[in-house]
Amino acid sequence: MPPLPPEILDSILEYLVDRPITLKTCCLISKLWVPRVQRHLFARVRLGTPRSPIKLWKKTFPDPSNSPAHHTRTLTIFGTSVITAADMGVSNWIHPFHNLIHLELSHVYRAPLFTLYGLSPTLRSLSLRCTPFDSGLICSFPLLEDLALVAAFSFIDVDRWNATLASPKLTGTLILEGRGEARSATRRLPVLSGGLHFSKISTKFCNEEAEPVTKLVSMCSKTLEKLTLFYHPSAFPSTPVTSQNLTIDCICRH
Amino acid sequence: MPQLDLSKATKLRYLTFQWRESSVRWITMTLQTVKSRGIQHIDIYPMTIGEEVYPEWQDLDHLLVKLCTSHSIRPRVMYEAGRGGKILRDRVSSLLPELTRRGLVDLVEAGRQNSGGWV
């Protein structure tokens, strides 16, 4: 039987994007199918969860040069033990994730974030959940548009901000969640040399944070088109992190 | 009561309010600061409704009617599916009587809207 034309195969696979089990089955049909199927199968990758530990990724793809990571557009890294200083250098497992559009770091609070600096030049959205706010990381992605800060925190020794570092334009969505996030954002974000140009802001805030929210709105006054305000009268607890709310779909949807 | 000032946001087009307490005075006060001429959408998404703040809803009703006539906007009241949402649907005509009477407000189930709502 003659092979399917590649464009027909691509059209078929487009319908299976949300069906990973079917995609895996497609890999068994023909070796010719594997590279095209992998493009969809590895488009979204989560690492560090009990079901997808980093050890498994390293074991499955021991040679980073043959890793399917270059297909990945959305990467979620969960847990502090995922990234280590040994992951630096061109022959590490992180390096092949160089075509990311979305990166979410959750509970990566003791890991050396500088190993992720400039990981993907095409990155458009970054989410820091229970992860140190690191302006050096933000500045290392020149095309970054969207930023989500969810119970992000500051480590003086982690935030290696350099005043001369050019920062991205940040023209997309800013999402602030968690206790005191609006207040923290007014302190942290102005240090970015490129200024703030967000067109959308979604923020939770409590009584004490009205002033910081007003300040944020003023900072983006020339570009802000959409504002979502979620008022809670008293300081609210941080959003409990589960595998269900780890995604940054909220950014992607906009 | 939070004192928000949106007067500097001159390009503002979409505004969504969501809250977890009875009082709606903060919304009225915030809307009074809006200076953007391009405002197109105002969504309000109450999580709780208290009878004791009925007069505050009346103030909000008056202000929204004023904004509707001056800015050609059509506010939307968002509600959750389920019992709480049903209560809100039943009460919206008494909470926002003028807006409802003039047919200027839409009731939209959260999750079914195209935009707005808490992301």
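1. Strands here are DSSP runs (E, at least two residues; helices are H or I, at least four), numbered from the N terminus, and two strands pair if DSSP finds at least two bridges between them.

2. A word on conventions: residues are numbered from 1 along each chain as its sequence is written, and chains are lettered from A and ligands numbered from 1 in the order in which they are written. As the model is predicted, local features need pLDDT of at least 70 and side-chain atom pairs count only at pLDDT 80 or more, while totals for chains, interfaces and linings use all residues.

3. Next, the other neighbour of this strand. β5(A) also pairs with strand β6 (residues 173–177) of chain A, in the parallel sense and over four bridges. Here Val150(A) stands opposite Glu177(A).

4. How many residues of strand β5 (residues 146–150) of chain A are buried? Five of its five are, where buried means 20 or more other C-beta atoms within 10 Å of the residue's own, exposed means 12 or fewer, and partly exposed lies in between, with C-beta atoms placed from the backbone. Asp146(A), Ala148(A) and Val150(A) cover one side, and Leu147(A) and Leu149(A) the other.

5. Now the whole sheet: it is open, with twelve strands in the order β1(A)-β2(A)-β3(A)-β4(A)-β5(A)-β6(A)-β7(A)-β8(A)-β1(B)-β2(B)-β3(B)-β4(B) and parallel pairing. At the edges stand β1 (44–47) of chain A and β4 (106–109) of chain B, each with a single partner strand, so one side of each has no neighbour in the sheet.

6. The chains meet within the sheet where strand β8 (residues 226–231) of chain A and β1(B) run parallel, joined by six bridges. Leu229(A) has Phe17(B) as its bridge partner there. On its chain B side, β1(B) pairs with strand β2 (residues 41–46) of chain B over six bridges, again in the parallel sense, and Tyr14(B) stands opposite His41(B).

7. Finally, the interface: 22 residues of chain B are in contact with 24 residues of chain A, contact meaning C-beta atoms, placed from the backbone, within 7 Å. Strand β1 (residues 14–19) of chain B gives the most to the chain B side, with six residues.

Methods: Contact = placed C-beta atoms within 7 Å.
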